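Dear colleague,

Please find below the structure that I am handing over to you. My findings follow it, grouped by topic.

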Amino acid sequence: MPPEAAPTNTTTPSTTAPAESGVSSFAFKALGCGCAPVVVLVLVVLIASGSWGSSDFPRVAPEEMASRAFQRSQGAYDVVGFKRTVKPGVEDVGVSTENTLSTSFCHGGLTGLEDKTVDGAYQMSHSWALDHVPARQAMSGLHRLHRYLKDKGWEITSYSEGEQGNWDLFAKRDDGAERMSFSWYPDREYFTGGASVPCAYDPAWQEGDVGPSGDHQTPPALGPRSGT
């Protein structure tokens with residue numbers, strides 16, 4: 001249905017009429033009543049308590065989100081075709097092999113008016129790395145990953161084939177809730193990968209817990225799966 005045309009106003013608008021505020025005008029019209037002060041009060045209470053948007057995250061145990069993040073990396077590892085097995089942990093960041101899980105805080109609240117960390121919410125990420133990766137293996141692997149992610153519906157946000165020295169591939173989906181990244185450093189033949197999954201709320205979180213929930217998770221060994 002085409003939008004209705006606004007009627008022509010032949011009367012000069014009063015210059016003394018008060019302008020509507022953005023929040024009260026929106027709430028006023030949405031509720032269809034003359035209760036703007038009440039609506040504004042409700043919004044203020046929501047903002048002060050941090051309850052607006054704080055329950056938007058699904059309730060998922062950190063162990064499950066850790067598994068999802070690891071499986072994203074495992075799938076990419078299979079596509080590249082690496083045959084080595086990487087044990088959990090890292091000895092020397094940026095130099096040795098790596099296979100680690102980490103968590104970070106998630107933010108919620110009324111967009112544009114509040115941005116605070118949500119107690120009990122976390123985002124799980126998995127990082128991995130291999131040393132001594134030759135150019136031929138790295139380049140062909142990144143080419144395959146580029147095609148694979150596009151075919152799976154990921155948005156490629158950046159893909160660099162050595163323009164700045166390094167080879168990089170970055171992708172996201174679900175408006176950035178999930179991300180994957182890969183880099184190869186020719187000067188030291190070092191290949192890195194990472195995957196982050198959407199924010200979730202830890203059902204076991206309790207008042208007084210500190211730090212992002214789900215920290216200290218340990219991944220299984222990363223390596224070639226049978227049949228791949």
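**Salt bridges**

By the distance rule applied here, the count comes to six salt bridges. Please bear in mind that the model is a predicted one.

One of the bridges joins the side chains of R225 and D78, with an N to O distance of 2.5 Å. This pair ties together distant parts of the chain: D78 belongs to helix 3, whereas R225 lies in the segment after strand 8 (200-201), and the two are 147 residues apart. R225 counts as partly exposed, because its relative accessibility is 37%.

A further bridge links the side chains of R173 and E178, at 3.3 Å from N to O. The two partners fall into separate accessibility classes. R173 has a relative accessible area of 24% and is therefore partly exposed. E178 has a relative accessible area of 5%, below the 20% limit, and is therefore buried. Both residues also take part in a network of salt bridges that links R72, R173 and E178.

K87 and E91 form another salt bridge, in which the closest N and O atoms are 4.0 Å apart. Here K87 is exposed, and E91 is exposed as well.

**Overall architecture**

The secondary structure of the chain consists of four helices and eight strands. Read from the N terminus, the order of the elements is α-α-α-β-β-β-α-β-β-β-β-β. The chain has 228 residues, of which 38% count as buried.

**Helix 3 and helix 4**

How do the axes of helix 3 and helix 4 cross, and within what distance do they come? The axes of helix 3 (residues 62-80) and helix 4 (residues 135-151) come within 8 Å and cross at roughly 125 degrees. The crossing of the two helices is right-handed.

The contact is made by A76, V79 and V80 on the side of helix 3, and by G141, R144, L145 and Y148 on the side of helix 4. By class, the residues of this contact divide into five nonpolar, one polar and one charged.

**Strand 3**

V118 lies in strand 3, which spans residues 116-130. V118 counts as buried, because its relative accessibility is 9%. The C-alpha atom of V118 is separated by 7.4 Å from that of F105, and these residues are 13 apart along the chain.

S125 is also found in strand 3. Is S125 buried or exposed? With a relative accessible area of 19%, under the 20% limit, S125 is buried. Apart from its neighbours within four places in sequence, S125 is in contact with A69, T100, L101, S102, A195 and S196.

With kind regards

How values were computed:
Residues are numbered from 1 along each chain as its sequence is written. This is a predicted model: local features need pLDDT of at least 70, side-chain atom pairs count only at pLDDT 80 or more; totals for chains, interfaces and linings use all residues. Side-chain values use heavy atoms; hydrogens and water are left out. Axes are lines fitted to C-alpha atoms, for helices over the stretch in contact, and angles run from 0 to 180 degrees between N-to-C directions. A crossing is left-handed if the near helix is turned anticlockwise from the far one by less than a right angle, and right-handed if clockwise. Contact means heavy atoms within 4.5 Å. Ala, Val, Leu, Ile, Met, Phe, Trp, Tyr, Cys and Pro count as nonpolar, Asp, Glu, Lys and Arg as charged, and the others, Gly among them, as polar. Buried means under 20% relative accessible area, exposed over 50%, partly exposed in between (1.4 Å probe, protein chains only).
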